[in-house]
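Grab a pencil and work through these exercises with the structure open beside you. Try each task before you read its solution.

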Amino acid sequence: MRLRIKFRKYGVLRFIGHLDLMRFFQKAIRRAEIDIAYTTGFSPHQIMSFAAPLGVGLSSNGEYMDIEVNSMISCQDVKKRLNEASVPGIEVTKVCVLPEDAGNAMASVAAASYTVQFREGRGPAFDMAAALPDFLSRDAILIQKETKKGCREVDLRPGIYEMECRESGVYLLLDASSGSNIKPAQVLAAFLGQNGCTLQENALLINREEIFTNTGTAQKPVFVPLYVMGDDEICQTES
């Protein structure tokens with residue numbers, strides 16, 4: 001049985017990397033006495049996968065991990081056990097059971113939403129809300145992206161699904177698929193550059209709000225949160 005676990009990552013733990021996060025959950029699952037399934041072979045390990053690794057320094061309200069379990073009492077019981085075994089900075093907010101035909105978390109990722117704020121004294125000098133319509137009206141937003149094979153030109157515009165200025169900061173809904181994973185900092189740097197400003201180093205406070213899968217088509221996407229693919233009402237009796 002596969003479970004999809006949604007969790008928050010905040011505070012000082014936003015500075016731990018993906019491998020450390022994986023090790024943390026491996027230990028937390030053992031402390032919580034979750035009946036997780038293991039791979040077979042000479043060196044068995046817990047069966048788990050994460051949706052989309054979060055960059056170091058970013059916080060999030062919508063991270064996802066899939067695990068496989070042999071038995072469970074209920075989704076609420078798994079959530080309670082994991083939170084009791086956790087530490088400040090990691091909070092499980094939802095657990096649901098996935099249908100057998102559901103894709104894994106990483107393969108399901110199509111988009112992600114973010115709230116971006118500027119650190120004090122590092123924001124732009126122009127009115128972002130007034131300048132935003134002109135930025136989004138462009139047919140192409142080209143940037144130079146560094147890759148292992150060198151520098152190449154990338155068009156960000158097709159992957160910017162939503163962008164607006166709110167009281168809480170700049171809201172972004174961006175392509176997060178494996179084929180075109182757009183970073184909030186890339187979009188903000190291009191936006192500032194069009195208006196004669198440079199994005200200062202370490203200027204952004206970025207929080208990932210949610211990760212989405214696409215239940216529509218490439219031409220007409222319908223984005224829904226990853227937890228929608230599961231059922232949190234299913235209850236199983238431990239064997």
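**Exercise 1. Find where pLDDT stays under 50, and say how many contacts the model has there beyond four places in sequence.**

Step 1: pLDDT is the predictor's confidence in each residue, from 0 to 100. Over residues 235-239 it stays under 50.

Step 2: For residues 235-239 the model has twelve contacts beyond four places in sequence, where contact means heavy atoms within 4.5 Å. Where pLDDT is low, the predicted coordinates should not be read in detail.

Step 3: Now look at the whole protein chain: its mean pLDDT is 92, and 97% of its residues reach 70 or more.

Some ground rules: this is a predicted model, in which local features need pLDDT of at least 70 and side-chain atom pairs count only at pLDDT 80 or more, while totals for chains, interfaces and linings use all residues. Residues are numbered from 1 along each chain as its sequence is written, and side-chain values use heavy atoms, with hydrogens and water left out.

**Exercise 2. Work out how helix H4 and helix H5 pack: at what angle, and how far apart are their axes?**

Step 1: Locate H4 at residues 128-136 and H5 at residues 184-194. Helices (H or I, at least four residues) and strands (E, at least two) are DSSP runs, numbered from the N terminus.

Step 2: Read off the geometry: the angle is about 95° and the axes are 10 Å apart. Axes here are lines fitted to C-alpha atoms, for helices over the stretch in contact, and angles run from 0 to 180 degrees between N-to-C directions.

Step 3: Under 35 degrees counts as roughly parallel, over 145 as roughly antiparallel, 65 to 115 as roughly perpendicular and the rest as oblique, so H4 and H5 are roughly perpendicular to each other.

Step 4: List who meets whom. From H4 come Met 128, Ala 131, Leu 132, Asp 134 and Phe 135; from H5 come Val 187, Ala 190, Phe 191 and Gln 194.

Step 5: Sort them by class: seven are nonpolar, one is polar and one is charged. (Ala, Val, Leu, Ile, Met, Phe, Trp, Tyr, Cys and Pro count as nonpolar, Asp, Glu, Lys and Arg as charged, and the others, Gly among them, as polar.)

**Exercise 3. Decide whether Asp 134 is buried, partly exposed or exposed, and find its side-chain partner.**

Step 1: Asp 134 sits in helix H4. Buried means under 20% relative accessible area, exposed over 50%, partly exposed in between (1.4 Å probe, protein chains only).

Step 2: Asp 134 has 49% relative accessibility, so it counts as partly exposed.

Step 3: Its side chain joins that of Gln 194 in a polar contact of 2.9 Å. That term stands for a pair of N or O atoms within 3.5 Å; within protein, one must be able to donate a hydrogen and the other to accept it, and residues adjacent in sequence count only if both atoms are side-chain atoms.

Step 4: Check Phe 191 too: Asp 134 is 57 residues from it in sequence and 9.9 Å away in space, C-alpha to C-alpha.

**Exercise 4. Name the buried residues of H5 and what covers them.**

Step 1: Pro 184, Val 187, Leu 188, Ala 190, Phe 191 and Leu 192 are buried.

Step 2: Their cover includes H4 and the strands S5 (111-118), S6 (142-147), S8 (160-166), S9 (169-175) and S10 (204-214).

**Exercise 5. Which residues does Leu 82 touch beyond four places in sequence?**

Step 1: Leu 82 belongs to helix H2 and counts as buried, at 3% relative accessibility.

Step 2: The residues in contact with Leu 82 are Ile 5, Ala 28, Ile 29, Ala 32, Ile 34 and Val 92.

Step 3: Take Ala 28: it is 54 residues from Leu 82 along the chain, yet their C-alpha atoms are separated by 6.5 Å.
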